[in-house]
Structure formats: C-alpha cells, structure tokens
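The sequence and coordinates come next, followed by the account.

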Amino acid sequence: MSDSLDSRLRDSAYRWIADDPDPASREELTEVLARAIGKVPGAAAEVADRMAGPLEFGTAGLRGPVRAGPNGMNVAVVTRTTAGVAAWLTAHGHAGGVVVVGRDARHGSEAFATAAAEVLTAAGFAVKVLPQPLPTPVLAFSVLHYDAVAGIQITASHNPPADNGYKLYDATGGQIVPPSDGEIEQAIQAAPPARSVPRAPGAEVVDPREAYLTKVAELPHGSTRELRIAATALHGVGAETVRAALAQAGFADVHLVAAQSEPDADFPTVSFPNPEEPGATDLLLTLASEVDADLAVALDPDADRCALGVRGPDGWRMLRGDETGVLLGAHILSTTDSTDPLVATTIVSSSLLGELAKEKGARYAETLTGFKWLVRAGDGLVFAYEEALGLCVNPSFVRDKDGIAAAVAAADLAATLKAEGRTPLDVLDDIAIRHGVHLTDQVSLRVTDLSVRGRLMAALRSAPPGTLGGVPVTLEDLLPDADVLRLSGDGVRVVVRPSGTEPKLKAYLQVVTPVTGELADARRTATELLDVVRAEIADLLR
C-alpha cells in the first residue's frame, strides 16, 4: 500500500477524533494520523485499518483490539454500541428494565463497563453493575437472578492480550441469536456520534456472588469430598470465585498456580491465554504433580470455559474437550433428578454423548456451534457441552457455559471415583468398551483473504470426496441454515465450516471403532484411521 493518505480517509479520521469523548483515544488516533500525514512508512495503512470498521456486532457481540478508531474496542465504540442496544431494548418493549453490567480485568474493561452503564442509565434503564472484575458466568447468572431484560459483560474471553469485547445476553439469560444481532447492528448504525450520546452516573452496585455460590454448592450429588485439586485461572478473574465455589461445595484441598492466580491483562506466563493452546497448562500440570493432586482444573480468563487434567499411566495430561464433555455428561445423566432429561452438544462435537443418552433413556439434541444455540436446545435441558471446552452443568440458573460450576461438578465426579478406587480415565475406558472408541480432532486452515474460505467451501460442494480413510462417505449440506458441510460414512464423520470468530476454515474430524477384542487394539486402529482422515482433509483444504 502507498504511504500516501487518502483525503477522504483523513477527513473520516478527523471526524471520528472530533466525536470521540475519550481524551486518550483522541490523542492516540491523532498521533497515528499525524504520522500518516507525514508519510511515515506504514502509518497510512494503520489509519486505513483503524477506520475500516465499525467492529461487526455478531452473535458473540463485539470483539477486537483495544485501540482508537471505529475498528477497535474503545469508549466511543462501546458508547455507540450501548446506545444501539438501548434503542433495541426500547423497541422491544423493555424500556426502563433492569440491565446488569459486568467486566473482566482486561485492558480497558473498567472504562468500557462504566461507559455502558452510564449510557443505559441516561436512557432510563435500571442499571446494576457488578462490584469488581468477575467471571462471565456470574454475569450470566445475574440476568436471571435480577429478572433483567439484558446483561452486558465486557470481556474478550480467551483472546490474545491486546483484545477486549462486549458480550450481550437477552432476557432469557442466554446470548442473543438472530435476528436480534442484525437488529442491534442497525440500531448502532443509527446511533449518534459518541460525543452526543447522553451518559449519566447512578448505577446500583450489586454483588450476586453469594446467591450464585449457594446454587453452585448444591450441584454435587456424591457423599465424599476427599479430593486434592490443582487449579489455574490463567491470569484471569476466576481464581477467587472457583476457590470459593469449591470450598462452599466441600472441596477445601485446593492448590492454585500462584503465578497465574491474580488478574493480569498482559497474561505474562502464557503465549495465548487459552487452556487448549500448547503450553498454556504446563504450570498447572507441574503443580498437580508436585502436590500429588487427584484432579487438575484450568479456567480460561473469564472462567466460562473449563479444562480438566488427569493423571494417567504416563503422567499428567489434559483431557480433550470431547473427553471432558462425555465424562460430565455421563455423570449428570447418572445423577440427575429429572424424569425426562435432555442433553445437548453441537454438530462438530463427538456423537458419543448421544449414545450415552440413548443408554440412559434420555433425550439428545445437536445444535449449531455456540452456546447461544445449545441453551435453546429444548425443554428439560440438564447438560450441554461443546468441544471447545464449553460446559454447562447448571442450565437451570446459568444459561451459558460455566467453568466454575463445571469445576465443581468435575470435583464431585472425581471424588466419587476416588472413593471407589477408580479414575476418570477408567470411566472413559468403560464407555469406549460399551460404545466404541470415539476419537476426535480438528484441522484448521488460517487465511489472510477471507474469500479463500468461500472458494474452498464451493469446491467441496461441487466435488466432494467419495471416500475418507477408505470409507465411502456422503455429503450433507446444511445451507441455508448454516454454511456447514458434513461428510459421513461408517465410523467416519467430518464437519467443515468457516470459523465465526477467526479467519479460519475448520474441519472437525471423528472416527468410531467398535471394541471387539482388546481396547488397546481398537484405540490403535482408530488412531491409524484418524491419521489417514486428517491427512486427506488437510490436503483438501490446501
């Protein structure tokens, strides 16, 4: 790109600066603009990138880098977004209703939460704000607890340190779904410049933690609490709450990774604050070994995701999301008081939960990816999970994934098994023997040009493979409901979709091998088949 700044882009940047109510952001964008006018190499491209917005308000709300300009997370963007949300709520008959605002501890979160609360207060809503940075599940709980018409959590979950975000819940306590996102997007576009949006103090500070923890403490069904737990919050906001939740449920022997227990927006000990990422849980597993723990628990920074670590014959390892989902799903199905329970997962997760539901005479549902869909899977929902470490063991009071509650449920399961002289890996072995070895994996193609995803999806639609791993497969196209392709055959399933949050094309792989002899032999066969399928899919997505 040329180092010359387009005059229209320059004028747009000046207008944005004039309308930005935050002095720090005004100064930041002014400096970038000055460098571009002075033809400093790369500065014009940076102005273009910052002005390329606005950030799209999708079904996960907003998410982007903390920086000045419409294509970033800043006070001006949050102000206009909240003005749009207020207009949308009013249009749907919720004027004057309760709205709860929470935040994590990322860069900008406090200022963004204050802006959102003040815009809603000026718009006539009864705003309640949480007293400090708290886990996202506590905010989701608050929506139902305070009979709110909406909830806003300022968080970027497990995104890189430079990012922040804005997550919106509706009156059901779940994240918004279409057509709400499109309606809100239109309302944001119609909002006045940020400087002209009224703001007023006066929000009520509320603390729902005692009520939330009381509910979570009721989750365990087992009678034993003898369990040593190693846990990490990955520099996020979950340490204090997960320790309190476990203690109130009776699990007092908890050891936290000290270096990762205090909120730190720079996430200094991890390259990427996501429990799924290689290396992110190294300190946790080291601690688990040092203290001779029975269970390891990793929360993501806003504590809505939970990963479990277990000790096996070769030492400690983290469970895959599907392994954790199956373990907790089986536990919930065996302990639920419901006479007609429903369990749910997504179309890209393991199908093994469906086999467990069938075994227990329970109902089973598969939804599109995302907890916004899972919590709407149907009446009687008692458990839902997605393979990306999202777990909901408590849909009666949190209609979203909840890493805190999942940790308590996992402790209940692990303590019960310990009393029996068994481990979570023993349970997974038993399930595999009954229902076959289910192995899952993922192939991701990161792109710089988003049109590449469309071309690859079109190519797969027009010329799908006839076999995968030597198994004949057929193609199912989920359009128009979703841009998803499913290839399936006997013991093989691949689901391909563009990511909704990253510039990636993702393929989710599953192979199933019956256990007719030794379990180790079936696992070896399944692994070999998965390796072949993975290589073939990687070749298709080049």
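## Basis of the model

The model is predicted, and local features need pLDDT of at least 70, side-chain atom pairs count only at pLDDT 80 or more, and totals for chains, interfaces and linings use all residues. Residues are numbered from 1 along each chain as its sequence is written, and side-chain values use heavy atoms, with hydrogens and water left out.

In strand β5, Lys-167 is the bridge partner of Gln-153. Helices (H or I, at least four residues) and strands (E, at least two) are DSSP runs, numbered from the N terminus; two strands pair if DSSP finds at least two bridges between them. Strand β4 (residues 150–154) and strand β5 (residues 163–170) are joined by five bridges in the antiparallel sense.

Both strands belong to an open sheet of six strands, ordered β1-β5-β4-β2-β3-β6, in which the pairing is mixed. At its edges are β1 (62–65) and β6 (204–205), each pairing on one side only. Strands of a sheet pair through backbone hydrogen bonds, either parallel or antiparallel. Helix α4 (residues 75–91) lies across β1, β2 (98–103), β4 and β5, and runs at about 10° to β5. Axes here are lines fitted to C-alpha atoms, for helices over the stretch in contact, and angles run from 0 to 180 degrees between N-to-C directions; contact means heavy atoms within 4.5 Å.

## Gln-153 in its strand

Is Gln-153 buried or exposed? Gln-153, which lies in strand β4, counts as buried because its relative accessibility is 0%. The classes are buried at under 20% relative accessible area, exposed at over 50%, and partly exposed in between (1.4 Å probe, protein chains only).

The side chain of Gln-153 has a polar atom 3.1 Å from the backbone oxygen of Leu-134 and makes a polar contact of 3.4 Å with the side chain of Thr-136. A polar contact is a pair of N or O atoms within 3.5 Å; within protein, one must be able to donate a hydrogen and the other to accept it, and residues adjacent in sequence count only if both atoms are side-chain atoms. Beyond residues up to four places away in sequence, Gln-153 touches, among others, Gly-102, Arg-103, Asp-104, Leu-139 and Tyr-166.

Five bridges connect β20 (residues 485–489) and β21 (residues 492–498) in the antiparallel sense, and Gly-489 stands opposite Val-492 in β21.

Gln-442 has its place in strand β16. Because its relative accessible area is 28%, Gln-442 is partly exposed. Its side chain forms a polar contact of 3.0 Å with the side chain of Ser-444. The C-alpha atoms of Gln-442 and Ala-507 are separated by 5.6 Å, although the two residues are 65 apart along the chain. Leaving out residues up to four places away in sequence, Gln-442 touches Arg-320, Glu-387, Lys-506, Ala-507 and Tyr-508.

## Nonpolar cores

In soluble globular proteins, nonpolar side chains tend to be buried together. A nonpolar core is a set of buried Ala, Val, Leu, Ile, Met, Phe, Trp, Tyr and Cys residues joined through side-chain atoms within 4.5 Å. The largest such core has 72 residues, and those with the most contacts inside it are Tyr-212, Val-297, Leu-328 and Phe-383. Helix α14 (residues 403–419) supplies its largest share, twelve residues. A second, separate core of 46 residues includes Phe-57, Val-78, Val-99 and Tyr-166.

Apart from neighbours within four places in sequence, Phe-383 is in contact with residues including Leu-328, Ile-332, Leu-342, Leu-353, Leu-391 and Pro-395.

## Aromatic pairs

Rings of Phe, Tyr and Trp (its six-membered ring) pair if their centres lie within 6.5 Å; planes under 30 degrees apart count as stacked, over 60 as edge-to-face and the rest as tilted. This rule gives five aromatic pairs. Phe-141 and Tyr-212 form an edge-to-face pair, 5.6 Å centre to centre with 65° between the planes. The pair links helix α6 (residues 136–145), which holds Phe-141, to helix α8 (residues 209–217), which holds Tyr-212, 71 residues apart. Both Phe-141 and Tyr-212 are buried.

Phe-141 also pairs edge-to-face with Phe-397, at 6.2 Å centre to centre and 85° between the planes. Phe-397 is in the loop between β15 (390–392) and α14, 256 residues from Phe-141, and is buried, as is Phe-141.
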